[in-house]
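Subject: Structure handover

Hello,

Here is the structure you asked about. Please open it and read the notes below alongside.

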Amino acid sequence: MAMKSLQRILIAGGGSSGWMTAALLARMFQGLYEVVLVESEDIGTIGVGEATIPAIKKYNELLGLEENEFMARTQGSFKLGIQFENWQRKGESYIHGFGVIGQDWEWLRMHHYWIHAHQQGRAGDFADYSINTAAALKNKFVRAQANMGDSPLSHIAHAFHMDAALFARFLSGYAQDRGVRRREGKIVDVTLRAEDGFIESVTMNDGEVIGADLFIDCSGFRGLFINQALGVPFEDWSHWLPCDRAIAVPCARSEAFTPYTRSIAHSAGWQWRIPLQHRTGNGHVFSTRFMDDAEAEKILLANIDAEPLANPFKVDFKAGKRVQLWHKNCVAIGLAGGFLEPLESTSLHLVQSGIIRLMRLLPDGGFDPSNIAEFNRQSDFEYERIRDFIILHYKATERNDSPFWDYCRTMEVPETLQRKIDLWMANGRIFREDEELFSEESWIQVFIGQGMIPRGYDPMVRIKSDVQINQFLGNIQTVIGKCVDVMPSHAEYVAKTCPAAA
């Protein structure tokens, strides 16, 4: 029996999620399906998620983008990690860096030896043992040097900061050059098939009716298809992640052109700082249960590097996700499907992973339920594990200076996270489950950075003498320090390799 084929895919909404979807479908399917993207210039996009994680390089690779051109076109800068300030206690900071931590010694990860030395008062700053974190703290950057063998310079991992609006514009041109049809206008009605409740067509504000086989909802928080038309319930996670509003404002570029994002905890949330070539992005994420808008805006404006370039604007949100991201012939991508605050810069990654997951499970015209079920199973796992990692930042704190932090410090957490915490605190062990996003190195850095030092360590540490362990840790510090010394500054590297047009 011949397999019924999809003919047309309709994407509702532009912005980063819509155009990331359209660009990748155009590139990978090469005209196999007709792709139509509907967006209205009268409907704004959120546009505050400007920081990424290294996985974004895979997306760019799939599109065939040249990195220096991509950086120049998006006013981009490089990112080695995120600095968290005031999260464990006021005045304390640490960096969650990408890439490896030191090097393994035979069977064991380096951090076990560090825990042993720390308990004896002989350990250095944990940031000194990773090329990413050590370089970040000195505002140094260079791409990984593949020809450097086992040198730390060959293990540098990077992501990007970029202007989300410029990124969407760049991808819009890319997608349309490869056959995606952009339809300007507003969708005013969605028609469902009477026999099965599948989406049949949309009606535009000028009366045109556009039918399709597969509908992708990139309409943001309103969820035009997944929520308003199909009524898929929302799973609320705000009892674990109580922040529900952000106030954002750009300011002039700072002299501190850092190769890392800053996350600065305040009394009822946290502030982001994202350095771009032409400006710095700033925002204050906070809980309206514990702080009002006026106080939140005052804190934000008092803690930016330069004069604001626009008026502050507000974004309301709720942490959680749709119970199903794929329902009938509709797939929700980006904010339409769920929201996790950008504490670990995962927003664009969730768009990217959703698109790739859809392509791997793309249905024929029959929409076999097994494909839909597997898509939703994988999506649930990914969202929940990222959720747990973000919750850890709030839970692992000693702050007791405000009702917000009292709530976070004492709240119960998901069983999946509690299991990780218990295993870590026993003997410093952490295991990456299946294909969850964050590596063991990420969990290790946040645990240690926020003061969760295990009671013990792997007993195989005791095979080595204290003298051997001191020498091992000291050599890592020395080698990394020498590598950082020869690296150019972040500003110098950007100016030389990928400067944006004036």
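First, a term. A patch is made of residues with over 30% relative accessible area and no salt bridge; like charges are joined within 9 Å, and nonpolar side chains (Val, Leu, Ile, Met, Phe, Trp, Tyr) within 5 Å. Accessible areas come from the Shrake-Rupley method with a 1.4 Å probe, and for residues only the protein chains shown count as cover. A salt bridge is a side-chain nitrogen of Lys or Arg within 4 Å of a carboxyl oxygen of Asp or Glu.

The model is predicted: local features need pLDDT of at least 70, side-chain atom pairs count only at pLDDT 80 or more, and totals for chains, interfaces and linings use all residues. Residues are numbered from 1 along each chain as its sequence is written, and side-chain values use heavy atoms, with hydrogens and water left out.

**Surface patch**
Trp107, Met460 and Ile463 make a nonpolar surface patch of about 380 Å². Met460 sits in the loop between helix H13 (440-449) and helix H14 (466-486). Helices (H or I, at least four residues) and strands (E, at least two) are DSSP runs, numbered from the N terminus. Met460 has a relative accessible area of 34%, so it is partly exposed. The scale is this: buried is under 20%, exposed is over 50%, and partly exposed is in between (1.4 Å probe, protein chains only).

**Salt bridges**
Side chains of opposite charge can pair when their charged atoms come close. The whole structure holds 42 salt bridges.

- Asp206 pairs with Arg183, with the closest N and O atoms 2.7 Å apart. The two are 23 residues apart: Asp206 is in the loop between strands E9 (199-204) and E10 (209-211), and Arg183 is in strand E7 (residues 181-184). Asp206 is exposed, at 53% relative accessibility. Arg183 is buried, at 12%.
- Asp236 and Lys318 form a salt bridge (3.8 Å, N to O). Asp236 is in strand E12 (residues 234-236) and Lys318 in the loop between strands E17 (313-316) and E18 (320-322), so the pair ties together parts 82 residues apart in sequence.
- Glu415 and Arg419 also form a salt bridge (3.1 Å, N to O). Both lie in helix H12 (residues 415-427), four residues apart, about one turn of the helix.

Glu415 and Arg419 belong to a network of salt bridges that also links Glu384, Arg385, Lys420, Glu433 and Glu436.

Best wishes
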